[in-house]
Amino acid sequence: MPAIDVDGVTKRFGGGVTALQDLNLTVKEGEIYGFLGPNGAGKSTTINILLDFIRPTEGSATVLGMDAQADSKAVRRRVGVLPDAYHVYERLTGRQHVQFAIDSKETGERPEDLLNRVGISEAADRKAGGYSKGMAQRLVLAMALVGDPDLLILDEPSTGLDPNGAREMRRIIQQENDRGTTVFFSSHILEQVEAICDRVGILHNGELVAEDSMENLRANIGSGSTLTVTVDEPTEPAVEAVRDVPGVSEVSVDGTSIVVVISDASKTRILEAIEENGCEVRDFATEKASLEELFATYTEGGRDGLRNGTTPTATQDTTETEARR
Amino acid sequence: MSGVRSVVKKDFNDALRSRRLLALVALFVLFIVGAEYLLVEVIGGEVTSAEALVVSLLFPTMLLVPLIGLVTGYKAIAGERESGSHKLLLTLPHSRADVVLGKLIGRTAVVFVAILAGFLAGGVVAFALLGSYELTPFLVYLAITLLYALAFVSLGIGISASTGSTSVAVMASFGAFLLFQFLWSFLVGLVDDHLFPETNPEFLQAIAQFSPLSSYLTGINRFLNDGPVPDLPYYQEGWFAVLVLVLWATVPVTVGYLRFRSVDI
């Protein structure tokens, strides 16, 4: 039995906006499924249909074998959700929030244990209205973990988290998955999906444009990566020297950066080649270009969403990717 | 029922921490106690019985109770939809019916606490001023007032369930307040004059009784003040007044639920 089965779902909103077009999607039991796509692609609409927040115009969906509409309450009893664009109850404490989820799911757990797992137990008795976005995100994750759900649905889970928080979030997701929980999570940040997902679906303009394992997706594009070296001033000899390094497939100059597409070369040798030719290396960053390209290839024209990356590197990489085009 | 229960508990906790609500309770207590003090100490001699005291308290209750009910109700659901907290509410296993019913019970509880506080304070003061009084009329008065309050909480929640915007909800609530508290009899009278200049048809008089305020006053009159009155038309009877209030307590919230049930949120 698939954990999630979306069958031919179309959603048209009033005013003729088609958010989803004949979407078919299957998430297997026990896997971590990354639902990728730029903002506005229809990720949240899909999740909202799974939770019966909105009703499909055509098609149907099942969650854990139950109809997402008719059995919505039973579905939500066994699912933990971290929604997007939510708002906490400002006057209630963190503990009261988690207690609310415990009361609702009738699990009899202790709020402290859950708050502990997400690392905000010290803020348990403060009003959630005073929480930072990152703390609120942890709090709602704690609510999602109540009752040891069979399926976790996480909509942009690392929103508002710093890199450490995002890593912690991934650790918790992995931990839950190890305990047998299926995880379905949406993101517009590739690194995060890449780090933990078994399979990925890419959504663009309401249609699923690709669905495969992470490895296969990357294999389809090639295994190269991009090294971006920021120098004081790029010189022609330096660029030539890099071009001569074995395993380098392409070199270009972008402002004060030398952008090197590597198929199979030593980064150290590239950096050495640059420095030996009179350039001062100020900074460098590696990026698995294949994934970015893959993403861009499939979602051409809709990459604005990428700018909202949470980690500085992600944002920087994106800008560079775009600048190269 | 667990869904309803957790919504009630969350909502009651949340509403109790609202400053606006505490201000309303304080205002209500102040009005009741102030009115009593004025009547007994300033106007004096007139108030000799508990019934007379009760009737003299009608003004603060008939005006303030609807306000408390509507103010407590109108944001219950629209407010959550506007802020986004409804996503927490509805990702947990609550049906939309759980949400509406839970909100109705939670907010009603809050309003009842406010009214009980007002009546308790009023009772203590009345006892201090009068030295003694009968409990029964006071309790009957309280019971009818609670039903009257429930009617307005239901109206507020019904409005709140019908819209995702608190500004729409507040305007609709205020409009409903004006219409049913001040304009209803006037409008029915206007219709009467235009359509039936010569007569005074019975069904229009019955319709005039359909505002919560008219029913509240009729209820108080029948159950507290009069002895048995012979030959009353049915719409002047106590049971009719109670029936109308019960309709108010159930119909708006049901209509609101039916809208909320089918909407994309």
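Just after α7(B), G131(B) takes a positive phi of about 90°. Helices here (H or I, at least four residues) and strands (E, at least two) are DSSP runs, numbered from the N terminus. The model is predicted, so to speak of local features takes pLDDT of at least 70 and side-chain atom pairs count only at pLDDT 80 or more, while totals for chains, interfaces and linings use all residues. Residues are numbered from 1 along each chain as its sequence is written, chains are lettered from A and ligands numbered from 1 in the order in which they are written, and side-chain values use heavy atoms, with hydrogens and water left out.

How far apart are the end C-alpha atoms of α7(B)? They sit 49 Å apart, which agrees with the 51 Å that its 35 residues should span at 1.5 Å a residue. The expected span is 1.5 Å times one less than the number of residues.

**The largest pocket**

α7 (96-130) is also one of the chain B helices that each supply at least two residues to the lining of the largest pocket, together with α1 (2-16), α2 (19-43), α4 (58-73) and α5 (78-83). Of these, α5(B) gives the most, with 4 residues. The pocket holds about 540 Å³ of space. Its lining runs to 22 residues, and R91(A), D14(B), K75(B), G79(B) and R107(B) lie nearest the centre.

Some grid terms: on a 1 Å grid over the protein atoms alone, a pocket is an open set of points with protein on both sides within 12 Å along at least five of seven lines, a cavity is a set where a 1.4 Å probe fits but cannot get out, and lining residues have an atom within 4 Å of a point. Points are joined across faces, edges and corners, and a volume is the space filled by probe spheres set on them.

**A cavity with both chains in its lining**

The structure holds 6 cavities of 30 Å³ or more.

| Lining | Nonpolar | Polar | Charged |
|---|---|---|---|
| Second largest cavity | 7 residues | 2 residues | 1 residue |

**Chain A as a whole**

Chain A has 12 helices and 14 strands. Of its 325 residues, 52% count as buried; buried means under 20% relative accessible area, exposed means over 50%, and partly exposed is in between (1.4 Å probe, protein chains only). Its accessible surface comes to about 13,300 Å², with 44% of that belonging to carbon and sulfur atoms. Such areas come from the Shrake-Rupley method with a 1.4 Å probe, and for residues only the protein chains shown count as cover. Among contacts (heavy atoms within 4.5 Å) between residues at least 6 apart in sequence, 69% join residues at least 24 apart.

**Residues worth a click**

G94(A) lies in helix α3 of chain A and counts as buried because its relative accessibility is 0%. Leaving out residues up to four places away in sequence, G94(A) touches L115(A), A124(A), R126(A), Y131(A) and L139(A). A128(A) is 34 residues from G94(A) in sequence, yet 5.6 Å away in space, C-alpha to C-alpha.

With residues up to four places away not counted, E176(A) touches R117(A), L145(A), D148(A), L152(A) and T181(A).

Over in chain B, I207(B) is found in helix α10 (residues 202-208) and counts as partly exposed, at 32% relative accessibility. I207(B) touches W184(B) and V188(B), again not counting residues up to four places away in sequence.

Now for two phi angles. Most residues other than glycine have a negative phi. L64(A) is not a glycine but has a positive phi of about 55°; L64(A) sits in the loop between β4 (58-63) and β5 (66-67) of chain A and is buried, with a relative accessible area of 7%. A85(A), also not a glycine, has a positive phi of about 45°. A85(A) belongs to the loop between β6 and α3 (94-105) of chain A, and A85(A) is exposed, with a relative accessible area of 58%.

How values were computed. Nonpolar A, V, L, I, M, F, W, Y, C, P; charged D, E, K, R; others polar.
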